[in-house]
Structures are given as C-alpha cells and as structure tokens.
Amino acid sequence: MNEIPYINGRLYSWAQISLGIDGVPVNGIRAIRYSDTENKENIYGGGRYAVGYGDGQITCEAAITLLMDEIVPLQNASPTGRLQDLAPFDITVCYMHPVSSKVVTDVITDCQFVKNDRDWQNGDTFEEVELTLLTPLIKWGKTA
C-alpha cells in the first residue's frame, strides 16, 4: 500500500511529530500513547461455528508524558491548580513523512487528566511526568 519507495531508509520517526494541546503547540513532550479497542464478538446459531459477528463498544485510552516546564503552565490555567479541573481539551498529533512531506493528523478529543503526580529523585536533572487521560474518541487521520 506504500506508493512511496523508502529513500535512504527514512521512515516516520519521533523527529517528525508535532503536538498541540487545545491548539497550543507543546515542545516539552517526551511521549504520547493512545489507542482504541473495539469489542467484537462471534455470534453463534445452529452448529459449531459462528454464523456472524457483532460489534460492541469502543474504549479509548491515552497518556502523555510531559516535562515539568509544560505542566506548570497547565496548572496555572486551572481554576484550582489541579490538572483534573481543567476543561476538556483536544490533543492534536501530527506526523510528517520525512521524504514525501505528507502529514497524518490524529485528534484525541475531549481529554481530561485523571491523575496528577510527581516522582522526584536525587540526581534528577529534569522532571518528566506521565499523565493518564480520559478521552471518549480518537479521530484517526489519513495521509493528507
């Protein structure tokens, strides 16, 4: 399905990702993880084999790892200082093919933080925090 030959072996990589929270670019991102899982089930009738299948609910999961320097402004935007009290927001993840420059854009919609924690240790030169997100829908993009 790849209409573009691999030139010099260059493929999608972290360097081609840009991310925005509620339309604001985020540079201090260390990781982003998101997925959706659909409950599918075989339906049985007469005989030993399934006669069809049924589609069920779709469950979305997401987490983002940010540097502390990105978290402090988010806390300041919260009415209480708690990340969990921020209004729902979208996260836009764009990644560009390094050769063709075609962009894929995924949108993790109506995100809310569900936990806010820190884990400082002696000798740390920076703090990164993984934050679990609640999201009802991921809009998977196509190459544009």
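Q: Where does Asp 110 lie?
A: Asp 110 lies in strand β6. Strands are DSSP runs of E with at least two residues, helices are DSSP runs of H or I with at least four, and both are numbered from the N terminus.

Q: Before we go on, what sort of model is this?
A: This is a predicted model, in which local features need pLDDT of at least 70, side-chain atom pairs count only at pLDDT 80 or more, and totals for chains, interfaces and linings use all residues. Residues are numbered from 1 along each chain as its sequence is written, and side-chain values use heavy atoms, with hydrogens and water left out.

Q: OK, back to Asp 110. What is its phi?
A: Asp 110 has a positive phi of about 45°, although it is not a glycine.

Q: And why does Asp 110 count as partly exposed?
A: Because its relative accessible area is 41%. Buried means under 20%, exposed means over 50%, and partly exposed is in between, using a 1.4 Å probe and protein chains only.

Q: Which way do β5 and β6 run, and how many bridges join them?
A: They run antiparallel, and seven bridges join β5 to β6, which covers residues 103-113. Two strands pair if DSSP finds at least two bridges between them. One of the bridges here is between Val 93 and Asp 106.

Q: What about the turn? How many residues sit between the strands of that hairpin?
A: The hairpin of β5 and β6 has six residues between the strands, and Ser 101 there takes a positive phi near 65°.

Q: Which strand pairs with β1?
A: β1 (residues 17-21) pairs with β5 (residues 89-96) in the antiparallel sense, over five bridges.

Q: How many bridges join β3 to β4?
A: There are 14, and the two strands run antiparallel. Thr 37 is bridged to Thr 59 in β4. β3 and β4 also form a hairpin with five residues between them, where Gly 47 in the turn has a positive phi of about 90°.

Q: I clicked on Ile 43. Which strand is that in?
A: Ile 43 is in strand β3, and it is partly exposed at a relative accessible area of 38%.

Q: What does Ile 43 contact, beyond its neighbours in sequence?
A: Leaving aside neighbours within four places in sequence, Ile 43 is in contact (heavy atoms within 4.5 Å) with Ala 50, Val 51, Gly 52, Tyr 53 and Gly 54. Ile 43 and Gly 54 are eleven residues apart in sequence, and their C-alpha atoms are 6.6 Å apart in space.

Q: New topic: the core. Which residues touch the most other members?
A: The largest nonpolar core has 25 residues, and Leu 19, Ile 32, Ile 64, Ile 91, Ile 108 and Phe 113 touch the most other members. At least two residues each come from β1, β3 (29-44), β4 (50-67), α1 (68-77), β5, β6 and β7 (128-134). β4 gives the most, with four residues. A nonpolar core is a set of buried Ala, Val, Leu, Ile, Met, Phe, Trp, Tyr and Cys residues joined through side-chain atoms within 4.5 Å.

Q: What does Ile 108 contact?
A: Outside four places in sequence, its contacts include Ile 32, Tyr 34, Ala 62, Phe 89 and Ile 91.

Q: One last spot. Ser 78: buried or exposed?
A: Ser 78 counts as buried because its relative accessibility is 8%. It is in the loop between α1 and β5, and Pro 79, in that loop too, is exposed at 72%.
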